Amino acid sequence: MMGGRVGVHIRPSGPDAAIDAAGADADAVLRRIAAWAGILTRFADTSELTRLNADARAEVPVGPTLAAVVDWGRSAEGLTGGIVDIGLLDARLAAEGLGVESVAPGAGAAQPSFASRSWSLDRRARGAVVRRPRGLRFDLDGVGKGWLADRALDRLDGYQAAVVDADGDVAIRLGPDAAWSFGIADPRLDGHDLEVLELTTRDESRDRADGRFGLATSGTSVHRWDRGATPSHHLIDPRTRRPAVTDVIQATVLARTARHAEALAKSAVILGSAAGYAFLDRIGVDGAVLLTDRDELLIHPATMRWLA
Amino acid sequence: MTHASPRAVARPVPTTTATRPLSPVRDGLPAPTRKPRPDPGPLRIAIGLTGLATASALMTAFLNPATGADAATGAATTSTVTIVPGATPDPVHVRHVVQYVQLKPGQTAPPKAVVKQAPAPKPRVVVVTTKQSGKP
C-alpha cells in the first residue's frame, strides 16, 4: 500500500461466530484500503495522483477520494504552520537522487517559503478542481496513510476495539473497558521498542469519551540515502526544500486521529528537538516521544499516563 | 646515589651419573637368556583408548548436561550428575527436582503425578507497533 504495509486488528466482543464475521469485515476493509491507495499512490502510473501530477493543465478535476486527501493536506499545512507541505514531490525526488534539484527562492530563510500555497482546491458536490502552477506535483505518501487509517477505522464501529495500522500510522478506537498496547519501535535496534504505551478506557482517570486515538511515527533513519558527504532523507524542510537538518531521529505522537498524529510527528522531526518539542507542547498532544541523535529520549509529560 | 645492580651468580649445574656394575661373565657357560618381556604396544593402545573415552564423557557432560525430565515424552527423573568445570577437580552433584511437566495434547501424565488444569487464557492484548513508514 503506497510503498508500505497495512494491518487491521479487530477485537470482537461476542462468541466464535463473531470472530468469523470480524475476519470477513477485516478483509473488506483491507480491500477498501487497497482501492483508496490505488488512487493516492505515486508508485503506479495509472493512479489518479500520477495522472494529476502528469497533467499539464492548470486546472484539473479530481475525484472525491483524491480531493479529500488533498484537502486534508491543506489543513495539515495550516495546523503545522506550513511545515507539512504536500507540494514538494520534486524536492523529495531530488533528495532521493531521482529528480532535478530545485531550490526555493529565499532558501535558508527562517520563515517557511509556503511555496505550496500557490495551489488551491475548489470543492465541488463530488470531487474538486485542483488549481496549481505549472510543474507543481503532489506527494501524498505521508498525509495519505494517516487519512487512510482514519477512514478505514470508521468502517469498524461495530466492534469493541479496532486498530488500523497504515504503515506505522495507526488509528485506534477502544470501546468501554478496553485496553490495547502499542510499541514504539526503536530505530536503532530491530525488534526492540523505545517505550510501550497502554491505551485504555478502563481507568476513569485516563478515560477518553469517544475512545479514539491516533498514533504515528516519523523519522529520518529509514528512508535515508547517502549521497556524497551529506546524508539525505525523505523529510523535506519547506523552508529550504532540502532534507531537514535536524537532531531528531524519530518522533512519535499520540493525538486524536492518525492523520493529526502523522502531521505533528513529521513536523517535530523537521523542526528539531527544541522547536519541535515546543511546537507539540503548544498544539497540545496526548503524548510524544522524541529520540535525538544524542540518544536522548524526550518524553512529553502527557505521555506518562500511558506508559506501560 | 647508586643503585645496586643485580649480580649474576653462576650456580653449578647438578649432574647425575648412574652407573651399573657389569654382569659377571661366567666362563664356559652360555650367557643366560633374558626372560621375554610382554609387548607394551597393546597395553599402551588400551590405556590410550581409555583416556579418549574418559575425555569424551567429560566433554559430553560439559556440552550437553543431562536434564531432569524429558519434556517431549513427559518422563521424569529426579536427579542427574553435571560436571561443572572450575577450580575444584571433583564433580559437583546437582539435584534437579521436576516441579511440573506441561503435557502436550495426547500426552499422559507420569504415574502418581498430580494433574492440574491450566488457567483459562486471559483476553489477548495485541501489541501493535508504530514505526517509521517503510520499515519492515
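I count two strands as paired if DSSP finds at least two bridges between them. Helices (H or I, at least four residues) and strands (E, at least two) are DSSP runs, numbered from the N terminus.

**Entry 1: ground rules**

This is a predicted model, where local features need pLDDT of at least 70 and side-chain atom pairs count only at pLDDT 80 or more, while totals for chains, interfaces and linings use all residues. Residues are numbered from 1 along each chain as its sequence is written, chains are lettered from A and ligands numbered from 1 in the order in which they are written, and side-chain values use heavy atoms, with hydrogens and water left out.

**Entry 2: chain A as a whole**

I looked up the secondary structure of chain A and found 7 helices and 16 strands. Of its 308 residues, 54% are buried; buried means under 20% relative accessible area, exposed over 50%, and partly exposed in between (1.4 Å probe, protein chains only). I also checked contacts, meaning heavy atoms within 4.5 Å. Among the chain A contacts with a separation of 6 or more, 64% are between residues 24 or more positions apart.

**Entry 3: the seven-strand sheet**

I traced an open, antiparallel sheet of 7 strands in chain A, ordered E1-E5-E6-E9-E14-E15-E16. Strand E1 (6-11) and strand E16 (297-299) of chain A each have a single partner strand, so one side of each has no neighbour in the sheet. From one strand to the next, the twist averages 10 degrees; axes are lines fitted to C-alpha atoms, for helices over the stretch in contact, and angles run from 0 to 180 degrees between N-to-C directions.

E1(A) pairs with strand E5 (residues 161-166) of chain A over 6 bridges, in the antiparallel sense. Which residue in E5(A) is the bridge partner of Val6(A)? I found Ala166(A) there.

Helix H5 (residues 141-154) of chain A packs on this sheet and touches E5, strand E6 (169-174) and strand E9 (212-219) of chain A, its direction making about 20 degrees with that of E6(A). I then followed helix H7 (residues 273-283) of chain A, which lies across strand E14 (248-255), strand E15 (287-292) and E16 of chain A and runs at about 180 degrees to E15(A).

**Entry 4: two residues up close**

Asp150(A) is in helix H5 of chain A. Is Asp150(A) buried or exposed? With 4% relative accessibility, Asp150(A) is buried. Its side chain makes a polar contact of 2.9 Å with that of Arg259(A). Such a contact is a pair of N or O atoms within 3.5 Å; within protein, one must be able to donate a hydrogen and the other to accept it, and residues adjacent in sequence count only if both atoms are side-chain atoms.

Next I went to Thr252(A), in strand E14 of chain A. Thr252(A) is buried too, at a relative accessible area of 2%. The side chains of Thr252(A) and Thr217(A) are joined by a polar contact of 2.7 Å. Beyond four places away in sequence, Thr252(A) touches several residues, including Leu215(A), Val289(A) and Thr130(B).

**Entry 5: the three-strand sheet**

I found an open sheet of 3 strands in chain A, in the order E2-E4-E3 with antiparallel pairing. Strand E2 (59-62) and strand E3 (120-123) of chain A are its edge strands, each pairing on one side only. The twist here averages 25 degrees from one strand to the next. Helix H3 (residues 64-79) of chain A packs on this sheet, touching E2, E3 and E4 of chain A.
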